Structures are given as C-alpha cells and as structure tokens.
Amino acid sequence: MSDAFDVITIGRVGVDLYPQQSGVSLADVQTFRKSLGGSPVNVAVAAARLGVRAAAITKVGDDAFGAYIRAAMEEFGVDARWVGTDPDLRTPLVFCEIHPPDSFPLLFYREPKAPDMNISLDELDLDAISGARLFWTTGTGLSDEPSRAATLGALEARGRDAGITVHDLDHRPRFWRDVSEAGRMARAALEQATVAVGNQDEVEVAVGTRDPWEASEALLELGVELAIVKRGPDGVLARTRDDTIEVEPIRLEVVNGLGAGDAFGGALAYGLLAGEDTEHAIRRANAAGALVASRLACADDMPYLRELEQMLGAAR
C-alpha cells in the first residue's frame, strides 16, 4: 500500500453530546449520547466508511475527551497520527437540540479558544498534504490564527496541480473575531482549490450572492473546476465550465440534519477519487446526506456504500 492517503482533512474537532429526547430544549433534556464531532473529521469518517484511506489533521486538549477523540477516529478507520495535543486548552464540547425537520440549534463550548484553532503551519506534514489524492479544508479553519495561516499555507504548498483540493465554505459566524474577514479569507482559500462546496448562506459570504446560479458562476470565475451549491429542500446545483447538474432532493423523514453535510462531503470525496461521472458522484453524495439526516448521530451513522447504492437503485 502506498504511503499516500486518499483523503486528508484539516480543521475542527469536538465531542458531540446529542440529546436522546427530541423536540425539547436543552434545559429539559434528560440524557445525552456522546459521539465524535467536527465537520472535517466527520468528512474523513464518512469517506473511510466508504473504503477510502483517510486521515485528519486537528488538535485536542490534554484530557479524557481528547483521548476519546483519538480512539474514536481510529475505530472509524481514520488515521489519527496528526491529532496534536494542546497542553493548556480543553477539548471542545458541542450540545444540540433536536427539533425536526429543520431546527437543530447548537451550543458550542470552545472558549477561551479551541485547540484546533492552534494548529500551526510548522506542525504540518506538507509532503503528506501535497501527496494526498484529495485535501479537504474548511471555512471555520480560517476563522482564527494560527489555524488560518496553517490552512492557507497548506493550500499554497499543495497548489492546484497536486490533485483534488476541496474547500468547504463551512461558515459559522460565531467562530470569527471579525466576521467581515470571512469573505476575503474564503476567496483566498478558493484561489488554491479545485472544488468549492457550500450552502446558499455560505456562498453568499464567499461571493456576495445567495442565488445558486450567480454564486456558482462566481465560484468558477475564482478558478475552481467544480462549484457545488447545496439548496436544502431544492436539492443541489453543481457546475463545471462545461456542464450544469441539478439534483433533486431525496425525501426521507428528518431526525437530525446536523450530519448531512459531512456525509455529503465524504461521499463526494469517494466519487471524485473514483473518477466517476460528476452527476453520479453528486447523486450519491446527496443520498448520503439524506440518509444521515434520517438518523440521530453523525459519525456513528455515516452510511456504507451498499446502502447508498441501494438508495440510488431504488430512485431510478
């Protein structure tokens, strides 16, 4: 087996504490379920579940939750060699409320700062990043230093010619000290990416419009080869310089929508790495997102390939 990874992701991590009671506020929840969390790590988990050799670059605290994250990643088949330890900061916790079909408010415990925001450029294995078949970055990784410089430095060191480089716009305003910087930083990352992924709110931050057609055109003008705009109940719009793909939503009963984007990302990575027809890759990613939204957890409930193929077959 080659030393190169199929997928390397970089960015935030945490411990998700999801309520076992739906439709109630956090004040009224009686029990929680612990799970691995953090979008880029969950993308790696989703890709690994589909048979991709994946690793994640992140950082945890020197505490029991940090140990849990390492163990959970390895259990899910994600290489944890690049999980650093911050000696002073604590591993983040994330609580949510579950109000299907479309309200899942989050409560982040990342103060005074999350360890994953202290990833620095000099800690990165730039040779491994450059050698990965697909490198996945996120917008939240740009929200504070030194993670911002590390993310942009890794993108620059890799360059667009190294393979598939995905920038997930992944915008969370509360993570930014100065949210007005978010658009400029997103565009800086996109200048080194080959694929852009975001929902309508996120593309508006990056390119100034939430209209899927205008936004996807603006993303292509920044130099990406594939621009993907997730439109929620209206499905997905994907565009290259030559093709336009519209994928309708898959209607399943929503239990918890928080893991849908990460499942979409892992399945997208799988399809891109397999060299599949773009429409088929987007359809599988869309199916993965819908299936995870019909389940409670994120990392634990990422789908297997056979489940997605069955869904796609039934939809034909």
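Predicted model: local features only at pLDDT ≥ 70, side-chain atom pairs only at ≥ 80, totals over all residues.
**R49**

I started with R49, which counts as buried because its relative accessibility is 15%.

R49 sits in helix 1. Helices (H or I, at least four residues) and strands (E, at least two) are DSSP runs, numbered from the N terminus. What does R49 touch, not counting residues up to four places away in sequence? I found F76, A299, D300, M302, P303 and Y304, where contact means heavy atoms within 4.5 Å.

**Helix 1 and helix 8**

Next I checked how helix 1 (residues 39-49) packs with helix 8 (residues 260-273), and got an angle of about 50 degrees with the axes 7 Å apart. The axes are lines fitted to C-alpha atoms, for helices over the stretch in contact, and angles run from 0 to 180 degrees between N-to-C directions. Helix 1 and helix 8 are therefore oblique to each other. The cut-offs: under 35 degrees is roughly parallel, over 145 roughly antiparallel, 65 to 115 roughly perpendicular, and the rest oblique. On the helix 1 side I listed S39, N42, V43, A46 and A47, which meet D262, A263, G265 and G266 of helix 8.

**Helix 4**

Helix 4 runs over residues 147-158, so I counted on its 12 residues and compared spans: 16 Å from first C-alpha to last, close to the 16 Å expected at 1.5 Å a residue. Which residues of helix 4 are buried? They are S147, R148, A150, T151, G153, A154, L155 and R158. I then saw that the buried residues pack against helix 3 (126-131), strand 9 (134-138), strand 10 (164-168) and helix 5 (182-190).

**Loops**

In the loop between strand 9 and helix 4 I found P146, and the peptide bond from E145 to P146 is cis, with omega near 5 degrees. P112 lies in the loop between strand 8 (106-109) and helix 3. The bond from E111 to P112 is cis too, with omega near 0 degrees. D170, in the loop between strand 10 and helix 5, is not a glycine, yet its phi is positive, about 35 degrees. Buried or exposed? D170 is buried, at 6% relative accessible area.

Q200 is in helix 6 (residues 200-207) and counts as buried at 18% relative accessibility. The Q200 side chain reaches the backbone oxygen of R210 at 3.0 Å. T278, in helix 9 (residues 278-293), counts as partly exposed at 26%. Leaving aside neighbours within four places in sequence, I found T278 in contact with L226 and I245.

Note on methods:
Residues numbered from 1 in each chain as written. Heavy atoms only, no water. Buried < 20%, exposed > 50% of the residue type's maximum accessible area, 1.4 Å probe, protein only. Polar contact = N/O pair within 3.5 Å; in protein donor to acceptor, adjacent residues only side chain to side chain.
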